[in-house]
Amino acid sequence: MKILSIESSCDETAAAVVEDGRRVLSSIVASQVEEHKIYGGVVPEIASRRHVEAISGVVKSALSDANCTLDDIEAIAVTYAPGLIGALLVGVNYAKGLSMASGLPLVPVHHLRSHIAANYITHPELKPPFLCLVVSGGHSHIVEVKDYTSFKVIGYTHDDAAGEAMDKAARAMGLPYPGGLNLDRVAKDGNPNAYKMPHPRVDGAPYDFSFSGLKTAVLNTINQAKQKGEEISVPDLGASYIKAVVNCLTQNTEKAACDLGYNKIVLAGGVSANSVLRRDMEALCKKHGWELYAPELKYCGDNGAMVGAQGYYEYVSGNTADLSLNAVASMIIE
């Protein structure tokens with residue numbers, strides 16, 4: 001079964017053709033990174049306009065690269081939540097138009113479910129149930145994936161997401177957008193023990209996260225150094241900061257897996273590309289004898305293939321929508 005999938009939740013316009021939820025026949029991504037770099041972050045209005053300009057060409061290229069026409073497609077999947085509302089609306093309305101014109105079923109897909117499903121592409125043998133750490137610019141969750149369309153959030157951030165915290169810290173250190181990616185690169189040459197960082201915890205919620213205190217600690221470190229006329233080592237501070245963030249992520253995931261009896265751990269989301277997180281999660285799973293799954297790097301960020309992977313399982317579960325489907329800026333994965 002071939003699904004045409006569309007993703008436009010933030011600043012990538014993406015489309016793909018995916019077969020049976022596991023095999024990618026094409027994947028096209030039009031990135032806006034260079035344009036948003038000028039502003040140090042994503043500007044929602046600009047993102048929406050660029051989606052409008054790019055989406056038709058991206059979808060045509062996805063069909064062409066897959067050697068398909070709409071006649072070969074059995075359903076159209078689209079990200080409808082969560083994300084930037086204007087950006088989501090472009091993808092949703094385009095998918096609705098295609099569905100109406102072609103008569104193909106319309107499949108609404110949750111963005112975070114898609115990130116988890118990226119692992120089905122990289123690891124065709126992977127099947128639920130498993131425990132997933134979803135970490136991105138806007139989300140930090142520990143999720144029980146009970147089945148392909150059954151999820152339970154057991155841990156989440158009470159303030160900043162891990163990716164957002166990394167982006168803001170990188171900006172404070174003077175690194176260009178995208179902050180998290182550049183922070184990871186610079187930190188590879190740093191000493192992770194050079195600066196003392198706090199380890200935030202949430203009272204009464206052992207699986208939950210809080211990263212705003214870490215962000216404040218970085219700002220205070222930088223400001224205090226300026227007041228004393230001291231120089232900050234960006235590689236050292238970056239490495240120390242990433243270590244602190246990753247420690248929070250891995251320790252909470254470890255506790256959740258031990259408490260709930262999971263031995264299959266999955267990483268998902270844009271921050272799953274972080275080299276320190278991957279290294280430390282590998283070490284954690286090796287210590288316990290757990291299996292670890294992470295997406296191929298090209299499927300960590302937003303892409304259409306992950307939407308097609310999850311879209312397949314939504315479709316076979318009977319989750320389709322009519323033309324009243326609307327975009328939703330915020331929605332829990334469950």
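Which residue of strand 4 does I3 stand opposite? In this predicted model, the answer is A75.

Strand 1 (residues 2–7) and strand 4 (residues 75–81) run parallel, and four bridges join them. They belong to an open sheet of five strands, ordered 3-2-1-4-5, with mixed pairing. Strand 3 (23–31) and strand 5 (106–110) sit at the edges, each pairing on one side only. Going from neighbour to neighbour, the strands are turned by 20 degrees against each other on average, direction ignored.

Two helices pack against this sheet. Helix 4 (residues 111–122) touches strand 1, strand 3, strand 4 and strand 5. The direction of helix 4 makes about 95 degrees with that of strand 5. Helix 10 (residues 304–316) lies across strand 1, strand 2 (12–19), strand 3, strand 4 and strand 5. Relative to strand 1, helix 10 runs at about 125 degrees.

## A second sheet, with a hairpin

There is another open sheet of five strands, this one in the order 8-7-6-9-10, and its pairing is mixed too. Its edge strands are strand 8 and strand 10 (291–293), each of which pairs on one side only. The twist from one strand to the next averages 25 degrees.

Strand 7 (residues 140–147) pairs with two partners here. On one side, six bridges join strand 7 to strand 8 (residues 150–156), and the two run antiparallel. These two strands form a hairpin with two residues between them, and V145 has F151 in strand 8 as its bridge partner. Strand 7 also pairs with strand 6 (residues 130–135), again antiparallel and over six bridges.

As a distance check, F151 and A283 are 132 residues apart in sequence and 26 Å apart in space, C-alpha to C-alpha. A283 lies in helix 9 (residues 275–288) and counts as partly exposed because its relative accessibility is 46%.

## Two helix pairs

How do helix 8 (residues 234–260) and helix 9 pack? Their axes are 10 Å apart, at an angle of about 30 degrees, so helix 8 is roughly parallel to helix 9. The crossing is right-handed. On the helix 8 side, the contact uses I242, V246, L249, T250, T253, E254 and C258. Helix 9 brings V276, L277, D280, M281, L284, K287 and H288. By class, that contact has eight nonpolar, three polar and three charged residues.

Now for helix 5 (residues 162–172) and helix 6 (residues 179–187). Their axes come within 7 Å and cross at roughly 70 degrees, which means helix 5 is roughly perpendicular to helix 6. This crossing is left-handed. M166, D167 and A170 of helix 5 meet G179, G180 and L183 of helix 6. The classes here are three nonpolar, two polar and one charged residues.

Most residues other than glycine have a negative phi, and most peptide bonds are trans. The spots below are the ones to click on if you like exceptions.

| Site | Feature | Value |
|---|---|---|
| A81 to P82 | cis peptide bond | omega near -20 degrees |
| Y177 to P178 | cis peptide bond | omega about 0 degrees |
| D20 | positive phi, not a glycine | phi about 55 degrees |
| N67 | positive phi, not a glycine | phi near 55 degrees |

Where do they sit? P82 is in the loop between strand 4 and helix 3 (85–102). P178 is found in the loop between helix 5 and helix 6. D20 is in the loop between strand 2 and strand 3, and N67 is in the loop between helix 2 (44–65) and strand 4.

Is D20 buried or partly exposed? At 35% relative accessibility, D20 counts as partly exposed. N67, at 71%, counts as exposed.

## One more loop residue

R201 lies in the loop between helix 6 and helix 7 (212–228). With 61% relative accessibility, R201 counts as exposed. R201 and C248 are 47 residues apart in sequence, and their C-alpha atoms are 8.2 Å apart in space.

How values were computed:
Residues numbered from 1 in each chain as written. Predicted model: local features only at pLDDT ≥ 70, side-chain atom pairs only at ≥ 80, totals over all residues. Heavy atoms only, no water. Axes fitted to C-alpha atoms, helices over the stretch in contact; angles between N-to-C directions. Parallel < 35°, antiparallel > 145°, perpendicular 65-115°, else oblique. Left-handed = near helix turned anticlockwise from the far one by under 90°. Contact = heavy atoms within 4.5 Å. Nonpolar A, V, L, I, M, F, W, Y, C, P; charged D, E, K, R; others polar. Buried < 20%, exposed > 50% of the residue type's maximum accessible area, 1.4 Å probe, protein only. Pairing = 2+ DSSP bridges.
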